[in-house]
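The following questions and answers show how structural terms are applied. Each answer sets a value against its definition and then concludes.

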Amino acid sequence: MKPTKKILIISYYWPPAGGPGVQRWLKFVKYLPDFNIEPHVYIPENPTYPLLDEKLLGEVSDKAIIIKQPIFEPYGLASVFSKNKTKKISSGIIPNQKKQSFVEKAMLWIRGNVFIPDARVFWVKPSVKFLKKYLQENQIDTIITTGPPHSLHLIGLQLKKELDITWLADFRDPWTTIGYHKQLKLSSWAAKKHKALEKEVMMTCDQLLVTSPTTKTEFQAITSKPIEVITNGYDVEKVIKKPLDEKFTLAHIGSFLSARNPRILWKALKELTKENLEFKKQFQLKLIGAVSAEVLQALKEFKLEKYVNHLGYLPHDEAIIEQRSSQVLLLIEIDSEETKCIIPGKLFEYMVSERPIIAIGPEHADFAQIIKETNTGTFFKYDELEALKAQILTCFEQFQQNNLKVYPVGLQRYSRKSLTEKLAKLLITNH
């Protein structure tokens, strides 16, 4: 059967890149052919990915047409000074202000003030030139740009100005209101430039896609263009079943950033290990992924380091096995106004793992609502120490009775296939 529609997706992150930025479009591309849409995916040929997961290459749909073009990234120059620091900053692990070295401060200043909106800006011009021809030759009239990096929206902006096409701009994260934006040491000129570009993108595209209701509300103050919320989701995965951990494991999967350091949790755990001898014997904190120095320092300060099992970064499939064998899953978001809109991608994988979630985040966080509606765990604000302690203890008691379970409801609408169906309908109506 001939596909009814062809679309071009412009993305920086693509396998073998690891981390959460890859999953969203990898999965949309996997299921779009089921809805009679042929995906053409435009990606860089020689990118600088902070995380690699070669196994994800096996998940790329054989119905997708992948196009690659070279990219020049100044991160290559920066890593002459310090490869490790460049890698950390490009993966979002920004050190605490007081602990930043001169090189880190300089890199952040350059990142925010010289490369606007980001270090992939040099890919814009050559990409527009190449894609103009490609779109016309392949008779493709719909493009999707996904950011961050938000430079990719500038490719869409230019193509929209030069061709008669429909353009959807997908924001996996906000642009100027994201937490780390303030840490880029922006001059007032650079801050205005970021804002102006953000506004131009939002006013010029035909449709915006966002991952949370709060981002939709924020963007409605900038543009009158239609905005659709399509969250991230979970995929049906064949996971090797491993028995549940024998210890009472609280597991955190993914990057544990400096600003995401939940002192309330460390305090609760420290008190529980002091007050409850059984808890002290059975408890383990399982960390999977990059962990910032500040978090490790805090664990030491609260005398919790002997309970820590840090497995480091694992490929996605191995991380899922570890996740599903954990007793309780931890979801931590930074306590700030800017992070209310963030729905971590791992939430959806947590929800189908059949393990209870303990989540800590800002008041009115979008993900708190999802946890509540799906009955997959409990959410706490940063000032609810006693309630948090009580919940950990309840989970521990259920663990001791071999009865620690969750009974989720309504998960189906967060499956990657259901979400792709929503996207496909949008693509057909925007035609």
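Q: What is the handedness of the crossing of helix 5 and helix 6, left-handed or right-handed?
A: The crossing of helix 5 and helix 6 is right-handed. A crossing has this name if the near helix is turned clockwise from the far one by less than a right angle, and it is left-handed if the turn is anticlockwise. Helices (H or I, at least four residues) and strands (E, at least two) are DSSP runs, numbered from the N terminus.

Q: What kind of model is this, and how are its residues numbered?
A: This is a predicted model, in which local features need pLDDT of at least 70 and side-chain atom pairs count only at pLDDT 80 or more, while totals for chains, interfaces and linings use all residues. Residues are numbered from 1 along each chain as its sequence is written, and side-chain values use heavy atoms, with hydrogens and water left out.

Q: Why is helix 5 called oblique to helix 6?
A: Helix 5 (residues 124-137) and helix 6 pack at an angle of about 45°, and their axes are 9 Å apart. Helix 5 is therefore oblique to helix 6. Angles under 35 degrees count as roughly parallel, over 145 as roughly antiparallel, 65 to 115 as roughly perpendicular and the rest as oblique. Axes are lines fitted to C-alpha atoms, for helices over the stretch in contact, and angles run from 0 to 180 degrees between N-to-C directions.

Q: Which residues of helix 5 and helix 6 meet?
A: V124, S127, V128, L131, K132 and L135 in helix 5 meet S151, L154, I155, Q158, L159 and E162 in helix 6. Contact means heavy atoms within 4.5 Å. By class, this contact of helix 5 with helix 6 has seven nonpolar, three polar and two charged residues. Ala, Val, Leu, Ile, Met, Phe, Trp, Tyr, Cys and Pro count as nonpolar, Asp, Glu, Lys and Arg as charged, and the others, Gly among them, as polar.

Q: What makes helix 6 oblique to helix 7?
A: Helix 6 (residues 151-162) and helix 7 (residues 188-204) pack at an angle of about 50°, with axes 10 Å apart. That angle makes helix 6 oblique to helix 7. Helix 6 passes helix 7 in a left-handed crossing. H153, L154, L157, K160 and K161 of helix 6 make the contact with L197, E200, V201 and T204 of helix 7.

Q: Why is T166 called buried?
A: The relative accessibility of T166 is 13%, so T166 counts as buried. Buried means under 20% relative accessible area, exposed over 50%, and partly exposed in between (1.4 Å probe, protein chains only). T166 lies in strand 5 (residues 166-171). Apart from neighbours within four places in sequence, T166 is in contact with D141, T142, I143, K160, D206 and N430.

Q: How do you know that Q139 is exposed?
A: Q139 has 69% relative accessibility and therefore counts as exposed. Q139 is found in the loop between helix 5 and strand 4. Phi of Q139 is near 50°, a positive value in a residue other than glycine.

Q: Why does E397 count as partly exposed?
A: The relative accessibility of E397 is 39%, so E397 counts as partly exposed. E397 lies in helix 15 (residues 385-400).

Q: What makes helix 12 largely enclosed by the rest of the structure?
A: Helix 12 (residues 316-325) is largely enclosed because seven of its ten residues are buried. These buried residues are H316, A319, I320, I321, E322, Q323 and S325. What covers the buried residues of helix 12 includes helix 1 (20-31) and helix 13 (346-351). Q323 is buried, since its relative accessible area is 1%. Leaving out residues up to four places away in sequence, Q323 touches I253, L329, E349, Y350, S353 and R355.

Q: How many disulfides are counted?
A: A disulfide is a pair of cysteine sulfur atoms within 2.5 Å. By this rule the count is zero. C341 counts as buried because its relative accessibility is 2%, and C395 counts as buried because its relative accessibility is 2%.
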